[in-house]
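Here are my notes for someone opening this entry for the first time. Please keep the sequence and the 3D view at hand while reading.

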Amino acid sequence: MTDELKPWSVTASRITYEDRWIRVRSDDCVTADGTVIAPFHVLDYPDWINVIPVMPDGRVLLTREYRHGRGEIVLGLVAGGVERSDSNTGDTALAAAQRELREETGYEASTFVKLLTSYPNAASHSNAVTSWLALGLSKAGEPRFDPGEKVELLFTDLAAILADLQSGAVIMQSMHVAALFTAESWPRTQASEGLK
């Protein structure tokens, strides 16, 4: 590692678009070597979460949902953005994970294990995503979808979905893929640390 890398300086910043989903911040920047980069657009999303619910029999609960960016029905994880109401608790990412699991599936979990935190795209997105393993699931009621949202639930074996991802038979959002592969290694990690 060298000390030659330095953050850019921002000489001007303005919000060029904002709605309830996204805010576009347009910055005028100067690199450490004096190169002007203007405008540089940053997508200011709220932080996101995703959840891998594990059923008592070991199967994982996945979602199928229409994703307009791709124009496809896509297999994925319980996921969503951290909302203002989630800030009423100490850990906003955990509160969002609990809320999204209940809303999208009707299930609640007795235990949430934080798997990892990553950046969706640090080049142009300001947010982070936290991935959770949800254990001790029990049905708490029916899902409560947001307007325009319809989610199908699919129960599957983790090894099978990982094989489908590796073969290309299934394509998912990359942050969901990272969470699934981290979940696959989690039991070994816990055993190596003496945790059962």
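1. A cut-off comes first: a residue counts as buried under 20% relative accessible area, as exposed over 50%, and as partly exposed in between. Now take E103, found in helix α1 (residues 92–105). Its relative accessibility is 14%, so E103 counts as buried. Which residues does E103 touch, leaving out those up to four places away in sequence? They are P143, R144, F145 and D146. Note that the model is a predicted one.

2. Next, the overall layout. The chain holds three helices and ten strands. Read from the N terminus, the order of the elements is β-β-β-β-β-β-β-α-β-β-β-α-α. The C-alpha trace spans about 60 × 45 × 40 Å along its principal axes.

3. How much of the chain is buried? Of its 196 residues, 37% count as such. The accessible surface comes to about 11,700 Å². Carbon and sulfur atoms account for 53% of that surface.

4. Contacts along the chain deserve a line. Take those between residues at least 6 apart in sequence. Of these, 56% join residues at least 24 apart.

5. On charge, the chain has 18 positive and 27 negative side chains. The centres of the two sets lie 3 Å apart.

6. Strand β7 (residues 78–81) is worth a look. In a regular strand, side chains alternate between the two faces of the sheet. Are the faces of β7 covered or open? Both are covered. V78 and G80 lie on one side, A79 and G81 on the other, and all are buried. Strand β4 (residues 48–53) runs antiparallel to β7, and four bridges join the two. Within this pairing, I49 stands opposite G80.

7. Now the aromatic rings. A pair of aromatic rings is described by the distance of the centres and the angle of the planes. How many aromatic pairs does a search of the whole structure find? It finds three. One of them joins Y45 and W48: the ring centres are 5.1 Å apart and the planes stand at 55°, so the pair is tilted. Y45 is partly exposed, with a relative accessible area of 24%. W48 is partly exposed too, at 22% relative accessibility.

8. F112 and W132 form an edge-to-face pair. Their centres are 6.4 Å apart, with 80° between the planes. F112 sits in strand β8 (residues 107–118) and W132 in strand β9 (residues 129–139), so this pair ties together parts that are 20 residues apart in sequence. Both F112 and W132 are buried.

9. Strand β10 (residues 152–156) includes T156. Is T156 buried or exposed? Its relative accessibility is 17%, so T156 counts as buried. Leaving out residues up to four places away in sequence, T156 touches R59, V60, L62 and I161.

10. Finally, Q166 in helix α2 (residues 158–167). Here the relative accessibility is 62%, so Q166 counts as exposed. V177 is eleven residues from Q166 along the chain. The C-alpha atoms of Q166 and V177 are separated by 9.9 Å.

Notes:
Residues are numbered from 1 along each chain as its sequence is written. This is a predicted model: local features need pLDDT of at least 70, side-chain atom pairs count only at pLDDT 80 or more; totals for chains, interfaces and linings use all residues. Side-chain values use heavy atoms; hydrogens and water are left out. Rings of Phe, Tyr and Trp (its six-membered ring) pair if their centres lie within 6.5 Å; planes under 30 degrees apart count as stacked, over 60 as edge-to-face and the rest as tilted. Buried means under 20% relative accessible area, exposed over 50%, partly exposed in between (1.4 Å probe, protein chains only). Contact means heavy atoms within 4.5 Å. Accessible areas come from the Shrake-Rupley method with a 1.4 Å probe; for residues, only the protein chains shown count as cover. Lys and Arg count as positive and Asp and Glu as negative; His and the chain ends are not counted. The place of a charge is taken as NZ of Lys, CZ of Arg, CG of Asp or CD of Glu. Two strands pair if DSSP finds at least two bridges between them.
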